[in-house]
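Me: I have a structure open and would like to go through it piece by piece. Can you take my questions as they come?
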Amino acid sequence: MNISEILNKIKEFYGIKKDAELAKMLDISPQTLSNWKNRNTYDPLLVYTKCVGINAEWLLTGKGSMNRHEPLDKDVLIQLAEDTDFVFTPDKNKIIPLYDLDNNDDLKNILEKKTDDSQILNFLKIPNLTGSDGAAYVKGNSMKPLFKSGDIIIFKGIPVSDIFWGEIYLIEIALDDNTCFSTIKYLHKSESGEDSIRLTSENPAYDSQDIPLNKINAIALIRASIRMH
């Protein structure tokens, strides 16, 4: 089935006659619904969330039972989306998970795909940011006014060897064998030599600091930010 057929089946399931009624139920504009049909692509995660009783696998493939037999977590739905080759499959790279970075090794585990999905707070969909590894809330004011506490940053992990000096990064620093923390800083070459790196803040109240490279657990380039008012 194509997208139009799937949406028509959903209308039948809920006893809806008009596309405008379906758009209202999905909390989207009629134009968005029309674009889904014209482009043969849609947002199955949104539809799954709004349409209680609809089977996620059927939404993604058009096959199997339309009825949902058991509850399905959002992360399972995304995994199903990754495993199907249909034209209307959502691009997994356009779905950016928003993480809670409160625990040790959070950033390292995210970049190495070892994170616990319970740390995902929500999902973001932002155009032109394909390939991002995740998003997180800014904590602290060391990068104010560029970023303030509560803003959201979107990041992409990179190897330490690929650092572009002078850019802004989210980095995870090991304090000892059992403790580490994440911070956002400009990265510069250190005058102490190649085995160290200089961290610089935007806020002049925070001093620059040199740290050994071997203290860095993980590093991610800041690709964009969202200002939370």
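Predicted model: local features only at pLDDT ≥ 70, side-chain atom pairs only at ≥ 80, totals over all residues.

Me: Which residue stands opposite Ala135 in E4?
Reply: Ile154 stands opposite Ala135 there.

Me: And what do those bridges stand for in general?
Reply: Strands of a sheet pair through backbone hydrogen bonds, and the pairing can be parallel or antiparallel.

Me: Where is Asp151?
Reply: Asp151 sits in the loop between E3 and E4.

Me: Is Asp151 buried or exposed?
Reply: Asp151 is buried: its relative accessible area is 1%, and the cut-off for buried is under 20%.

Me: What is Asp151 in contact with, leaving aside neighbours within four places in sequence?
Reply: Asp151 is in contact with Ala136, Tyr137 and Val138, and also with Ile226, Arg227 and Met228. Take Ile226: it is 75 residues from Asp151 along the chain, yet their C-alpha atoms are separated by 5.8 Å.

Me: What does the side chain of Asp151 reach?
Reply: The side chain of Asp151 reaches the backbone nitrogen of Lys148 at 2.9 Å. It also makes a polar contact with the side chain of Arg227, at 2.7 Å.

Me: Back to the strands. How many strands form the sheet, and in what order?
Reply: The open sheet is formed by 9 strands, in the order E2-E1-E3-E4-E9-E5-E6-E7-E8, and the pairing is mixed.

Me: Which strands stand at the edges?
Reply: Strand E2 (120-125) and strand E8 (209-212) do. Each has a single partner strand, so one side of each is left without a neighbour in the sheet.

Me: What is the average twist from one strand to the next?
Reply: The twist averages 45 degrees from strand to strand.

Me: Now E5. How many of its residues are buried?
Reply: Strand E5 (residues 168-174) has 7 of its 7 residues buried. Both faces are covered. One side has Ile168, Leu170, Glu172 and Ala174, and the other has Tyr169, Ile171 and Ile173.

Me: How many bridges join E5 to E6?
Reply: There are 7 bridges between E5 and strand E6 (residues 180-189), and the two run antiparallel. Ile173 has Phe181 in E6 as its bridge partner. A hairpin of 5 residues joins E5 to E6.

Me: What about E5 and E9, how many bridges are there?
Reply: E5 pairs with strand E9 (residues 216-226) over 5 bridges, in the antiparallel sense. In that pair, Glu172 stands opposite Ala218.

Me: Where does Ser201 lie?
Reply: Ser201 is in the loop between strand E7 (196-200) and E8. Its relative accessibility is 11%, and it counts as buried. Not counting residues up to four places away in sequence, Ser201 touches Ser142, Met143, Lys185, Tyr186 and Tyr206.

Me: Then at what angle do H1 and H2 pack?
Reply: Helix H1 (residues 3-14) and H2 pack at about 85 degrees, with their axes 11 Å apart. H1 and H2 are therefore roughly perpendicular to each other. The contact is made by Leu7, Ile10, Lys11 and Tyr14 of H1 with Asp19, Leu22 and Met25 of H2. By type, these residues divide into 5 nonpolar, no polar and 2 charged.

Me: At what angle do the axes of H2 and H3 cross?
Reply: The axes of helix H2 (residues 19-26) and helix H3 (residues 30-39) cross at roughly 105 degrees and come within 8 Å. That makes H2 roughly perpendicular to H3.

Me: Which residues make the contact of H2 and H3?
Reply: From H2 there are Asp19, Leu22, Ala23 and Leu26; from H3 there are Pro30, Leu33, Trp36 and Lys37. The contact of H2 with H3 has 6 nonpolar residues, no polar and 2 charged.

Me: Last one: in which helix is Ile110 found?
Reply: Ile110 is in helix H7 (residues 106-111). Ile110 is buried, with a relative accessible area of 2%. Ile110 and Gly134 are 24 residues apart in sequence, and their C-alpha atoms are 8.0 Å apart in space.

Conventions:
Residues numbered from 1 in each chain as written. Heavy atoms only, no water. Axes fitted to C-alpha atoms, helices over the stretch in contact; angles between N-to-C directions. Helix = DSSP H or I, 4+ residues; strand = E, 2+ residues; numbered from the N terminus. Parallel < 35°, antiparallel > 145°, perpendicular 65-115°, else oblique. Contact = heavy atoms within 4.5 Å. Nonpolar A, V, L, I, M, F, W, Y, C, P; charged D, E, K, R; others polar. Pairing = 2+ DSSP bridges. Buried < 20%, exposed > 50% of the residue type's maximum accessible area, 1.4 Å probe, protein only. Polar contact = N/O pair within 3.5 Å; in protein donor to acceptor, adjacent residues only side chain to side chain.
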